[in-house]
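Here are my notes on the model, for reading beside the coordinates. Please go through them in order.

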Amino acid sequence: MSYSPIIQKTIEYIESNLDKELSLESIAQIAGFSKYHYHRIFQKEVGVTASEYIRYRRIANSANKLLYTDEKIIEIAFYYRFETQESFTRSFKKYYQLPPGQYRKIMGKLTLQREEIMLKNEQLLKGWRLSGSHPFNYKMGIDREIFHKGKASGFLKSVTVQSQGEFATMMQEFKADKYLGKRLKLSGFIKSKNVDGFCGFWMRVDDALHDVLQFDNMGDRPIVGDTEWNHYYIVLDIPENSAVISFGVLLSGNGQVWIDKLKFEEVDHTTPTTNIDIAIDLLDEPSNLSFEECE
């Protein structure tokens, strides 16, 4: 059984209610599970407990308010359900190594000096490159105002796109050697805005001749329109003759997509793959050679 749709549904609820009381019991009830079962599957799917997820998302949103609003620290603390400013300070310092006041003072100055990075040369974004059918109609970069956790996220957005048929990808490639014969899971968080085509993670496994062995671009579960941060993943087998693993985020048409906290992990074979079968069905013998037959 795939728990992904259930986890995504509850994360959507969490993201919309970070300023409200969020108990494990109430969230588990939305999922239709006992709180103990929900706790286990959330941690397995996302990598942290639901309580930890809520805590670091509240802290991340607090960091944004510290830099981009004039709200008092105590007001931010109460808004995100911290009982005292002291408890907020302890939690904030755990993630950012600075108390909220110092973070606002130090990071605020840096933010004023540094506008959002819009890369003219995508090679400046370490490890990532821009590709696709019309990459010149898109931009990628780092967003320090919108992020899921930490201090920044990556983004891909349309600039001069003419149709939904155009697409671009923010991508990486690496050698498959360490993962031969294994099952690999790519997971992370995505947020979208005004996507009129679709967006999502993608992952491809090629052999040395550049033939595709495994592939998934979330085409059967596309992300469209405006969505808040949520958790998505791809699972593919890495055959013994694999040579290259490619992955990234895809944006088709207009809009903007943000990605954050991507990770790879080996999973056992009880975890279903998301591979899209792109093999062409071969006929047993030639047909309609005189072009007289119709469908």
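1. Basis. This is a predicted model, in which local features need pLDDT of at least 70, side-chain atom pairs count only at pLDDT 80 or more, and totals for chains, interfaces and linings use all residues. Residues are numbered from 1 along each chain as its sequence is written, and side-chain values use heavy atoms, with hydrogens and water left out.

2. Whole chain. The chain has seven helices and 10 strands. Both are DSSP runs numbered from the N terminus: helices are H or I with at least four residues, strands are E with at least two. Along the principal axes, the C-alpha atoms fill a box of roughly 80 × 50 × 40 Å. Of the 295 residues, 44% are buried. Buried means under 20% relative accessible area, exposed over 50%, and partly exposed in between (1.4 Å probe, protein chains only). Take the contacts with a separation of 6 or more: 73% of them join residues 24 or more positions apart. Contact means heavy atoms within 4.5 Å.

3. Helices 2 and 3. Helix 2 (residues 24-31) crosses helix 3 (residues 35-46) at roughly 80°, and their axes come within 9 Å. Axes are lines fitted to C-alpha atoms, for helices over the stretch in contact; angles run from 0 to 180 degrees between N-to-C directions. That makes the two helices roughly perpendicular. The cut-offs are under 35 degrees for roughly parallel, over 145 for roughly antiparallel, 65 to 115 for roughly perpendicular, and oblique for the rest. Helix 2 contributes Leu-24, Glu-25, Ile-27, Ala-28 and Ala-31 to the contact, and helix 3 contributes Lys-35, Tyr-38 and His-39.

4. Helices 4 and 6. Helix 4 (residues 50-68) packs on helix 6 (residues 85-96) at about 90°, with the axes 10 Å apart. Among the contact residues are Tyr-56 and Ile-59 of helix 4, and Phe-88 and Phe-92 of helix 6. By class, the contact has nine nonpolar, two polar and three charged residues. Here Ala, Val, Leu, Ile, Met, Phe, Trp, Tyr, Cys and Pro count as nonpolar, Asp, Glu, Lys and Arg as charged, and the others, Gly among them, as polar.

5. Phe-42. Phe-42 lies in helix 3. Is Phe-42 buried or exposed? Phe-42 counts as buried, because its relative accessibility is 0%. Beyond its neighbours within four places in sequence, its contacts include Ile-7, Ile-11, Val-48 and Tyr-53.

6. Arg-58. Arg-58 sits in helix 4. This charged residue is buried, at 11% relative accessibility. Outside the four places on either side in sequence, Arg-58 touches residues including Asn-17, Lys-20, Tyr-80 and Arg-81.

7. Aromatic rings. The whole structure holds 16 aromatic pairs. Rings of Phe, Tyr and Trp (its six-membered ring) pair if their centres lie within 6.5 Å; planes under 30 degrees apart are stacked, over 60 edge-to-face, and the rest tilted. Tyr-79 and Tyr-80 pair edge-to-face, 4.9 Å centre to centre with 90° between the planes. Tyr-79 is partly exposed at 38%, whereas Tyr-80 is buried at 6%. Ring pairs also link Tyr-38, Phe-42, Tyr-53, Tyr-56 and Phe-189 into a cluster.

8. Charges over rings. The charged end of Lys-149 sits over the Tyr-56 ring, 4.4 Å from its centre. Lys-191 does likewise over Trp-258, at 5.9 Å. The test is NZ of Lys or CZ of Arg within 6 Å of the ring centre and within 35 degrees of the ring normal.
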